[in-house]
Every structure is written in structure tokens, then in C-alpha cells.
Amino acid sequence: MQLIALGGVIGAGLFVGSGVVIRSAGPAAVLSFLVAGALTVLIMRMLAEMTVARPALGSFYAHVRETLGLRAGFTVGWLYWYFFVIVVAVEAVAGGRIVQLWLPGAPLWAISLVLMAVLTATNMISARSYGEFEYWFSSVKVLAIVVFLFLGSLYLLGLWPDAPGGLATLTAHGGFAPEGFGAVLAAVVPCIGFFTGAEIVTIAAAESAEPERAVADAIRSIVLRVVAFYVLSVLVVVAVVPWTSKAIAVSPYAAVLDRLAVPAAGTVMNALVLIAVLSCLNSALYTSSRMLFALTRNGDAPRAFTRVSASGVPRRALLAGTSVGYLSVIAAWISPDVVFTFLINSYGAVALFVYLAIAVAQLRMRRKLEREEPGRLTLKMWLFPWLSRLTLALMALVIGAMAFLPDSRAQFWLSLLTVAVVLAGYELRRRRGPGGSS
């Protein structure tokens, strides 16, 4: 469970996307990751409190439904499902591009479909099969980051051959925050997106032997590890390689390995990014199927997706998400600049809307639990209610900032369109009655 939690947030965003943040904020990108990591940890603590007190299929979908009403629950559940079926396509295309480096003659769409088919097959077997794959994927990613931090530390301490040592690179190219602290705050928005996925552990907990203990242990352990992995590894990048280097924008970790003259650095990083992509694809398939299955329990999705296999896998729900992923991959092949770009932008802020709903739900559920079942509060949000309110305000601020920042404005408005479509879906569901077959 702890590796699933770690694997959910250590993806291609860290190994590749962090370079974009560094190029926009300079060495002070470390602060952007620190703020985003702290905010994500607070959201996860709020979610953990609710999950330990009230373990439920669908996790926060059930909590939001209970505390904020049927419309809010329906919206959060379907938004989260949509987010991860698009992630399926995005990761499949990303993985296909990496494999294409080794198989240049193979078409991208075919490689992407093969990757999706293989991981769909493993998820079809059992939840344990998903867990086993994610365990090994996450183990490789964690080990790679530990080795990276070790090598980087040797370089910065001057113990690496021909290494000057020291942290002079942090300020040698225009200062620590060359683009100003406004750029540092703006970079928090994409950084939070990199952390999205930590909540998967609360969904997987429903299929574990001891859900309350599994969630509590995983959340406690993930707090420092995730922040440390991201913040420390990004610190190593900007301390070893000048933030102005073009190599950082392409692959920041490969740039560091090149500076250290590690043999076959590019190949090593491509293999590592492929593992990260497959891990995210694996998690996205699992998560989307479980969320759709949870939606059926309250009549928020067609009952046809309720059926499970002998091993407990909701195969129809899994295939539904996979089918949308297939269609999105085909869209990436036929219309990459229009349809696929629209899909990517239309899910950009969705996870943040879900996080906002989690924060509001925790505030309400905590009051209810204190009145009715105080004994269930075995894991609590820190400094309640003030820290909960601060977290809610900060999350709202991040979402509001997306509407004004040029790089995220399109994602914000198209994600709002996604919300509007889901709300329209709720009205149809309400008029036709729950649990329809179509």
C-alpha cells in the first residue's frame, strides 16, 4: 500500500515535467515544489482522516456524497473517472514515444495500443495482479531516485571525480529566483498536478485486508518521502546543472547524469521514464475502473458496470475506461493538434476541483463525527479547523490562479466545461432515476 501511494505521485511529471518548471522559475523551483508538496500533504491528511473514520468503496466519492449531497458526489466521481481515463491515453502515448526511440519503424498508435492492452490484461486478472505490478514499478522508481540523490550528493560534496562541489550554481546564473517570486508562485500550479495520484491509496484500501490501518500507515509514511523525493531531487538538478541549460527542459535528470559522465545516461533515463509511464498507466486503469464501479453502487452509473469476475475485478468497468483510452489514442493519431489537445486541456484542472471538494467534505464530516462518533477519529487533521480552512483557501487560490496564468488559462476554462457536462449528466440521471441501464 505504501508503494502504491508513492508510485501514484512519482511519474513522468517528476522525471520530465519538472524541467519545464525549472526553466520557468529558475533554481527557486525548489520552493514551488515545496509549497505544492506541503499543500498536497495537507489534502491527503484530510482525506486520510475521513477514510480511516469511514472506510468506503470509492473513498472520497462516498465522503463527498455523504457530506455535500448527491449532486456533488456524482460530479466528483465522474470528474475523477474522466481524469484518469484521459491519463490512460496520455501515458499510453508518452510510453509509445519512448518505445519508438528503440523501434523507430513501429507506428506510435500501435505501440500505445499494445501497452494499454498488456496492462489491461494484468488488471483483468485480480486486484493483487495490479498491486504486484505497481509494487515492482514503484520499487524501481524509488530505487532510481535514491541512487540519483546519492550520486548528486557526492558531486555537490566534491567527492565525485572532477567535481567542484558546493552550491554556487544555485545563484550563479541570475540569482536564486531570476524570474522573480511571481514565477515561483505561478509554478506551484503545475507542481500540484505532478503530485496528483497520492489519493489512489485510499481507493485501493477498500480491497486490502485492513483498510483503516493500511491508509493510516501509507499516509504517515508518504508525507516526508514524497516531499523529500521531489524537493531534494529537484534541488540536486538545479545545484548541479545551470537552470538555463537547454538540456534541463528536455530531461533534467538525464542532464545531471550527463554532467556526472554516467555512461548511457540518456538510455538509462528513457528506460526509467518508460517505467514511470507504465506505472501511471497501470494505476490509471485500476483507479478509473474502481471509481466507475463505486458510482454504480449508488445508481450514479449504469448497473451493467456492477458485475465483477470471480476474482473480484469489475471487468466491464475496466473495459469501459480502456475503451475511452483507445479512442483517445486514436484521436492522438488522427487529430493530435485539435481533438487530443482538447482532451488534454479539458482534464487539466479536474483533479484540483476534486481536491477542493475533499477539503470542503472534511470540514463538514469532522464536525459530524465529533458530534456523533468521536471514537472513529483515530487519525485527525492537524490543527483543526484552522489548518483545514487554510488548506481550503490555498487550494481555491491555486485554482483561481489557473484562470489568469497564460500557461494554464485554457486548461481552467476547458476543465470548467467538463464540469458543466458532468452536471448536465447529473440532471439527466436525476430525471430518469438512479441506476438506469443506459
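The model is predicted, and local features require pLDDT of at least 70, side-chain atom pairs count only at pLDDT 80 or more, and totals for chains, interfaces and linings use all residues. Residues are numbered from 1 along each chain as its sequence is written, and side-chain values use heavy atoms, with hydrogens and water left out.

Helices are DSSP runs of H or I with at least four residues, and they are numbered from the N terminus. A residue is called buried under 20% relative accessible area, exposed over 50%, and partly exposed in between, with a 1.4 Å probe and protein chains only. Contact means heavy atoms within 4.5 Å.

The largest nonpolar core has 154 residues. Such a core is a set of buried Ala, Val, Leu, Ile, Met, Phe, Trp, Tyr and Cys residues joined through side-chain atoms within 4.5 Å. The residues with the most contacts inside this core are F15, F33 and F60, and helix 5 gives the most to the core, with 18 residues. Beyond its neighbours within four places in sequence, F33 is in contact with S18, V21, C191, F194, F195, Y230, V231 and V234. In soluble globular proteins, nonpolar side chains tend to be buried together.

Helix 9 spans residues 188-195 and is mostly covered, since six of its eight residues are buried. Just after helix 9, G197 takes a positive phi of about 130°. Burial is also found in helix 16 (residues 339-346), where F340, L343, N345 and S346 are buried. The cover over these residues of helix 16 includes helix 5 (70-102), helix 15 (315-334), helix 17 (350-372) and helix 19 (409-432).

The structure holds zero disulfides, a disulfide being a pair of cysteine sulfur atoms within 2.5 Å. The cysteine sulfur closest to that of C191 belongs to C280 and is 16 Å away, which is too far for a bond. C280 is likewise in no disulfide, and its nearest cysteine sulfur is that of C191. C191 counts as buried because its relative accessibility is 0%, and C280 counts as buried because its value is 13%.

Helix 7 (residues 127-156) packs with helix 14 at an angle of about 150°, and their axes are 9 Å apart. The axes are lines fitted to C-alpha atoms, for helices over the stretch in contact, and angles run from 0 to 180 degrees between N-to-C directions. The crossing of helix 7 and helix 14 is left-handed, which means that the near helix is turned anticlockwise from the far one by less than a right angle. Helix 7 makes this contact through A127, Y130, F133, E134, F137, S138, V140, K141 and A144, and helix 14 through L272, I275, A276, L278, S279, N282, S283, Y286 and R290. By class, the contact of helix 7 with helix 14 has eleven nonpolar, four polar and three charged residues. In this classification Ala, Val, Leu, Ile, Met, Phe, Trp, Tyr, Cys and Pro count as nonpolar, Asp, Glu, Lys and Arg as charged, and the others, Gly among them, as polar.

Within helix 14 (residues 265-297) lies S283, which is buried because its relative accessible area is 3%. Not counting residues up to four places away in sequence, S283 touches Y130, E134 and I200. V236 lies in helix 11 (residues 211-240) and is buried because its relative accessible area is 6%. Leaving aside neighbours within four places in sequence, V236 is in contact with F148, L149 and G152. E49, in helix 3 (residues 29-53), is buried, with a relative accessible area of 1%. Not counting residues up to four places away in sequence, E49 touches Q362, R366, L377, L379, K380 and M381.

The loop between helix 17 and helix 18 (386-402) contains P385, and the peptide bond from F384 to P385 is cis, with omega near 5°. L383 is found in the loop between helix 17 and helix 18 and has a positive phi of about 50° although it is not a glycine. L383 counts as exposed because its relative accessibility is 65%. In the loop between helix 13 (252-259) and helix 14, A261 has a positive phi near 60° and counts as exposed at 59% relative accessibility.

Terms used: Helices (H or I, at least four residues) and strands (E, at least two) are DSSP runs, numbered from the N terminus.
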